[in-house]
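Load the model in your viewer and keep the selection panel open. The stops below run in order.

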Amino acid sequence: RLKLNDLVANSSSSVIGVVGLATGEGLGEIELLRRILADGYMVHYLAVDLSPVLLVAHIETIREVFDQELKEGRLLCAGVLSDVFSELDKAIAQARAKFVLDGILLREEEFMPQSCSVIATYLGNCLGNDAPDRENYIFSSISKAFPNNKPLAILLGVSVVRKVNGQYEPDKYTRSFDEFLLQTPHHLLNNIEILRSIKSPWAQNSWNEFTIPDEEPDEFLDEKRACKLRRTPDVVPKPYCASHGIEGHIYRFYYRLDFDLEMPRKKLRIPEGTEISLYTIIKYNMRSLIEGIKKRRFKVLYDENYHQRLEINDVVREYAVFVAYLSETNSN
C-alpha cells in the first residue's frame, strides 16, 4: 500500500539501506529486513536508540534471526547509542568508521553508499512521545544524515485522534504505568545521585493534608495511596498545535514533587510542588500532520482506511502508518 516494494525494486543499487530510529524491540524493522533480504538484496542496517538495554536486545535478536545472512555478508548491521534528532549523522559516521576499523569494509563510504536507496523507520508511536514539535526535527535530521541518497523513504507510525460520530474524541489515560515511568528519575536520585531530594519538614509542606508528620516517604517511588494521589495528577488532554499547522491532542504525565529537587553539579534546584513531565503522548489530527509534512516538501503516501484500531479492557486506541518520500526533485 505504501509503495516500499517499488522503492526497493527500482533501486539503482544492489544495496538497500535501512535505518531504525528509536528501535526499541524493533519488531517492525526485523520484518522489513526479512522481506528485503528475501527479495535477494544486500542490506546495510543501522539501529539507533538511546537505551543500551533495548539496543543490545534488538541487536541480539538480529543475530539470531539473520544468522545466515550475517555470515554470508548479505546483511551488515550496526547499533549505535545516539539521539536520533541531533546526532544521527554522527551515528552513521561512527558505524562507518567501526566497519573499517574491524576490517569488514575497506572504505567508510562503502556502508550505506550514496547510490543506495534508504528506508528510515520511526515506528512504535514514538513521534511526539518525548517532547512537542518533534515533527519539525525528525525530517531535518534524516535529510541531513542522507543528503545524497535518493529516494529516501521515512516509514512512520503515530497515534491518532479518534473520530466518533464525526467528532474528535479524546482518549482516557489512567496512571497505570507510573512505576515504569519513575524508574529513571528514581535511578538518578537513589543509585547514581545525579539528583538530590531535599526533604523539607512536613510542617512546611503544602500537601500535608494527605500525610502524617512523622512519615517521610522517598521521592519518586512510594506505595502509599495518599502519596500516589498527591504526586500523580490526572492526565488531562490539551489541544496540540505545532509548526506547519500540525494539530492534535497532547497528554502529559506529570509528577508533583513532595520535596525540593536539585542537581548539585549544575547548581539547579526545583521547589517542592513543581510538576515535572515524565512522559508525553501526542495524538495527531492526521490530515493536519500529512499537510504539515507536505509543507516540508515531502511526498506522502497515506491511506486513512489503513488505520489500526485497538480495544483492550474497554480502552480504545487508534494508530496510523504512512510513508514520507524525499526524491530527486525534493529539497530539504
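Predicted model: local features only at pLDDT ≥ 70, side-chain atom pairs only at ≥ 80, totals over all residues.

Residues are numbered from 1 along each chain as its sequence is written, and side-chain values use heavy atoms, with hydrogens and water left out.

**Stop 1: the largest pocket**

Select Asp-49, Leu-54, Cys-126, Asn-129 and Tyr-279. Of the 41 lining residues, these are the closest to the centre of the largest pocket. A pocket here is an open set of points on a 1 Å grid over the protein atoms alone, where a 1.4 Å probe fits, with protein on both sides within 12 Å along at least five of seven lines; lining residues have an atom within 4 Å of a point. The volume is about 1400 Å³, taken as the space filled by probe spheres set on the points.

Now colour strand 13 (275-284). Strand 13 gives the most to this lining, with six residues. Helix 2 (27-38) and strand 2 (42-49) are among the other elements that give two or more. Strands are DSSP runs of E, at least two residues; helices are runs of H or I, at least four. By class, the lining has 22 nonpolar, 13 polar and six charged residues.

**Stop 2: the second largest pocket**

This one has a volume of about 930 Å³. Select Gly-28, Leu-123, Leu-155, Tyr-306 and Val-321, the closest to its centre of 25 lining residues. Which element gives the most to this lining? Helix 2 does, with five residues. The lining counts 13 nonpolar, seven polar and five charged residues.

**Stop 3: helix 3**

Select residues 52-65. Leu-55, His-58, Ile-59 and Ile-62 are the buried residues of helix 3 (buried means under 20% relative accessible area, exposed over 50%, partly exposed in between, with a 1.4 Å probe and protein chains only). Look down the axis: the buried residues fall within an arc of 95°, so they line one face. The arc is that of the directions from the helix axis to the C-beta atoms. On the other side, Val-53, Val-56 and Glu-64 are exposed. Show helix 4 (67-72) and strand 3 (75-81) too; they are among the elements that cover the buried residues, with contact meaning heavy atoms within 4.5 Å.

**Stop 4: Lys-98**

Lys-98 lies in helix 5 (residues 88-101). At 46% relative accessibility, Lys-98 is partly exposed.

Conventions. Nonpolar A, V, L, I, M, F, W, Y, C, P; charged D, E, K, R; others polar. Expected span 1.5 Å × (residues − 1).
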